[in-house]
Amino acid sequence: MTVKLGKLGIWRHHSQVDGDFAAKAEELGYSAIWLGGSPGGDLAVVDELLAATRSLVVATGIVNIWTDGPGGIAAAHHRITDRFDNRFLLGVGAGHREATAEYRKPFEALVDYLDGLAEHGVPAEETVLAALGPKVLALAAGRTAGAHPYLTTPAHTKEARSLVGDALLVPDQKVVLDTDSERARALARKGNDFYLGLTNYRANLKRLGFTDADLDDGGTDRLWDALVPHGDGDVVAAAVQAHLTAGADQVAVQVVGRDPWPALTAIAQRLA
């Protein structure tokens with residue numbers, strides 16, 4: 001892989017980042033920003049973030065294959081990489097069955113999309129796949145630089161590492177910097193409980209040992225404590241470190257709450 005990543009990244013919705021955000025993240029010691037919310041089109045936000053920083057990598061986490069065709073995304077990729085060599089990773093994924101009218105078998109659609117990117121000259125080593133289950137994890141390792149799992153646990157990271165071998169593995173980890181458990185769990189549920197109704201995430205969580213009882217009616221405390229750890233700086237940093245120990249190359253930290261900087265600073269102070 002030509003793009004070089006450190007062990008700490010940030011996952012953030014593409015509408016919530018700008019050049020100032022990227023510069024501050026780089027100063028704290030984060031080496032990548034993963035743009036969530038299916039950024040598509042010409043990926044203009046990527047240029048803005050890269051222009052505001054010196055070595056930060058920007059990755060899409062992810063471009064939805066049902067929204068933007070491989071030709072247009074390949075053109076955006078070439079524009080970005082021609083200007084900012086080795087600082088962009090194109091993450092693509094199949095999104096959610098429930099949100100896409102055109103949805104068909106995701107595995108075959110991903111293969112077709114990767115074929116399309118290749119036909120338009122996008123190097124495999126500059127792409128990654130959103131991947132949860134064994135079949136797509138294997139596809140990520142075989143056809144791209146690696147995998148970007150979302151809404152998982154360190155146990156999933158350990159299993160994913162055994163499946164992808166030496167390929168890149170960058171899981172997302174949500175955290176809440178708050179020692180009040182009731183308040184932190186309420187915040188975790190409010191922003192994320194809709195995932196429990198999505199087929200792909202629900203199936204993956206059940207593979208990880210959670211039951212329908214854990215997933216129904218907004219999710220149990222056991223579930224949310226595993227998916228969105230909360231506590232002081234030591235606790236949230238330990239949650240990130242657990243993925244690194246399990247085999248992640250980088251962890252994309254997603255802070256749940258209005259102000260991400262206290263948690264991002266606490267984690268960087270302990271791990272960067």
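The structure is a predicted model, in which local features need pLDDT of at least 70 and side-chain atom pairs count only at pLDDT 80 or more, while totals for chains, interfaces and linings use all residues. Residues are numbered from 1 along each chain as its sequence is written, and side-chain values use heavy atoms, with hydrogens and water left out.

Helices (DSSP runs of H or I, at least four residues) and strands (DSSP runs of E, at least two) are numbered from the N terminus. Helix 2 spans residues 44–51, and its buried residues are V45, V46, D47, L49 and L50. Here, buried means under 20% relative accessible area, exposed means over 50%, and partly exposed lies in between, with a 1.4 Å probe and protein chains only. The buried residues of helix 2 pack against helix 1 (19–28), strand 2 (32–36), strand 3 (57–60), helix 3 (70–83) and strand 5 (88–93). Contact in this passage means heavy atoms within 4.5 Å.

Helix 1 has another partner in helix 12 (residues 261–271): the two pack at an angle of about 25 degrees, with their axes 10 Å apart. Axes are lines fitted to C-alpha atoms, for helices over the stretch in contact, and angles run from 0 to 180 degrees between N-to-C directions. Helix 1 is therefore roughly parallel to helix 12; angles under 35 degrees count as roughly parallel, over 145 as roughly antiparallel, 65 to 115 as roughly perpendicular and the rest as oblique. On the helix 1 side the contact is made by F21, K24, A25 and L28, and on the helix 12 side by W261, L264, T265 and A268. Sorted by class, this contact holds six nonpolar, one polar and one charged residues. For this sorting, Ala, Val, Leu, Ile, Met, Phe, Trp, Tyr, Cys and Pro count as nonpolar, Asp, Glu, Lys and Arg as charged, and the others, Gly among them, as polar. The spacing of residues on a helix follows a simple rule: an α-helix has 3.6 residues a turn, so residues three or four places apart point the same way.

T144 sits in the loop between helix 5 (134–143) and strand 7 (146–147), and counts as buried because its relative accessibility is 8%. Its side chain reaches the backbone oxygen of A140 at 2.7 Å, and a polar atom of the T144 side chain lies 3.0 Å from the backbone oxygen of G146. Leaving aside residues up to four places away in sequence, T144 touches L114, A124, T127, V128, L129 and L139.

Charged pairs come next. A salt bridge is a side-chain nitrogen of Lys or Arg within 4 Å of a carboxyl oxygen of Asp or Glu, and by this rule the count comes to 14 salt bridges. In one of them, R143 pairs with D115, the closest N and O atoms being 2.9 Å apart. This pair links distant parts of the chain, with R143 in helix 5 and D115 in helix 4 (residues 106–119), 28 residues apart. R143 is partly exposed at 30% relative accessibility, and D115 is partly exposed at 31%.

Another salt bridge joins R202 and D212 (3.3 Å, N to O). R202 lies in helix 8 (residues 199–207) and D212 in helix 9 (residues 212–215), so the pair ties together parts that are 10 residues apart in sequence. D214 and R222 also meet in a salt bridge, at 2.6 Å from N to O. Is each partner buried or partly exposed? D214 is buried, with a relative accessible area of 7%, whereas R222 is partly exposed, at 47%. Salt bridges that share partners also join R185, R189, D221 and D225 into one network.Helix 9 also contains L215, which is buried, with a relative accessible area of 3%.

Most residues other than glycine have a negative phi, and most peptide bonds are trans. A cis peptide bond, however, joins G61 and I62, with omega about 20 degrees. L151 has a positive phi near 60 degrees and is buried at 3% relative accessibility. D217 has a positive phi near 55 degrees, but is exposed, with a relative accessible area of 82%.

How values were computed:
A polar contact is a pair of N or O atoms within 3.5 Å; within protein, one must be able to donate a hydrogen and the other to accept it, and residues adjacent in sequence count only if both atoms are side-chain atoms.
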